[in-house]
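Biologist: Could you bring up the model so that we can go through a few spots together? I'll ask as we go.

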Amino acid sequence: MNLKPWIQAFRLRTLPLALSSVALGCFVAYYDGGFSWKVSLLAILTTLFLQILSNLANDYGDSKHGVDSVKRVGPVRTVQSGIIQPKSMKKVVILFMLLSLSSGLWLIYEGTKGIPFLYVLIFLVLGLGAIAAAVKYTIGKSPYGYSGYGDLFVFLFFGLTGVIGTYFLNTQSFSWEVLLPATAVGFLSAGVLNLNNMRDRVNDKQSGKNTLVVIMGIEKARWYHFSLLAGSVFAGLTYMLINYHSPFQMLFLLTIPMLWMNVVVVFKNTIPEELDPYLRKLAIASLLFSLSFGIGLLF
């Protein structure tokens, strides 16, 4: 079996973004005195499975709906190009659904020991919702990614659920303040999707894929992008000021130049495909934001 096409389909450059929410949830949990290596590693594994599942489902779904074509900019999609056959992709999508489910169930088991069964049910619903969201973005008769709801679901699952869920499963408690770092990562995740949709806006519009960028238009999308990245910094700074104890906590502000450069490029850009390299850069900046945010808490 040739693994190279599958590695291409996994879209490894998106994985740093997926790790951002889990990493930050683990750091805040450690700061609040409730950290578990087993829970944290399972959270990382489950998140990676979900991100790869989302990428594979997106590859398959966009091809089935005719969105991926020779006019599309960005990396070549494996199903549309014929590198991977649709039947094979569908089987691997199902495989990663099962892997996500198995890892997720183990994570829930480890993270909810000794607490009321109601919490188990809540996380089961969230886990199944995350799997469904990863698949339904582009697969099915009415994929939500084609109706402008992609940003909302990314914010909910790669921001709020990722950070707060990881925090709770480590600490078995909840703090309203955790909403702030969760919101910061959610905004950054939505920013990456928005940048992706700005790159693909011409082909998406012609193919009937009504992303938020297609719906609002490029000028509003640019200001929306600025609001997301600025909002992430504001949410993070608010949390740090509430919990201030050391100037090292402001370490995450060192990522502002990277975020600002991304905004500048978005406002100056006139050729959509030239945005592609900045997707990886924003994903890396998001991970650095989370890591520096967490490390700053520890000093």
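This is a predicted model: local features need pLDDT of at least 70, side-chain atom pairs count only at pLDDT 80 or more; totals for chains, interfaces and linings use all residues.

Biologist: Is serine 40 buried or exposed?

Modeller: Serine 40 has a relative accessible area of 3%, and because anything under 20% counts as buried, serine 40 is classed as buried.

Biologist: Which residues is serine 40 in contact with, leaving aside its neighbours within four places in sequence?

Modeller: With those neighbours left aside, serine 40 is in contact with Val22, Cys26, Phe35 and Asn170.

Biologist: Changing topic, what volume does the second largest pocket have?

Modeller: The second largest pocket has a volume of about 260 Å³. Its lining is made up of 13 residues, of which Ala23, Cys26, Phe27, Phe35 and Ile44 are the closest to the centre.

Biologist: Which helix gives the largest share of that lining?

Modeller: That is H2, with six residues of the lining; helix H2, which spans 15-31, and H3 each supply at least two residues.

Biologist: And how many nonpolar, polar and charged residues are in the lining?

Modeller: By class, the lining of the second largest pocket has 12 nonpolar residues and one polar residue, with no charged residues among them.

Biologist: Let's move on to asparagine 269. Where is its place?

Modeller: Asparagine 269 is in the loop that runs between helix H12 (256-268) and helix H13 (276-297).

Biologist: Why does asparagine 269 count as buried?

Modeller: Its relative accessibility is 7%, and the cut-off for buried is under 20%, so asparagine 269 counts as buried.

Biologist: What is around asparagine 269, then?

Modeller: Leaving aside its neighbours within four places in sequence, asparagine 269 is in contact with Arg201, Arg222, Glu274 and Leu275. A polar atom of its side chain also lies 2.7 Å from the backbone oxygen of isoleucine 271.

Biologist: How far apart are serine 40 and isoleucine 271?

Modeller: They are 231 residues apart in sequence and, from C-alpha to C-alpha, 41 Å apart in space.

Conventions
Residues are numbered from 1 along each chain as its sequence is written. Side-chain values use heavy atoms; hydrogens and water are left out. Buried means under 20% relative accessible area, exposed over 50%, partly exposed in between (1.4 Å probe, protein chains only). Contact means heavy atoms within 4.5 Å. On a 1 Å grid over the protein atoms alone, a cavity is a set of points where a 1.4 Å probe fits but cannot get out, and a pocket is an open set with protein on both sides within 12 Å along at least five of seven lines; lining residues have an atom within 4 Å of a point. Grid points are joined across faces, edges and corners, and a volume is the space filled by probe spheres set on the points. Helices (H or I, at least four residues) and strands (E, at least two) are DSSP runs, numbered from the N terminus. Ala, Val, Leu, Ile, Met, Phe, Trp, Tyr, Cys and Pro count as nonpolar, Asp, Glu, Lys and Arg as charged, and the others, Gly among them, as polar. A polar contact is a pair of N or O atoms within 3.5 Å; within protein, one must be able to donate a hydrogen and the other to accept it, and residues adjacent in sequence count only if both atoms are side-chain atoms.
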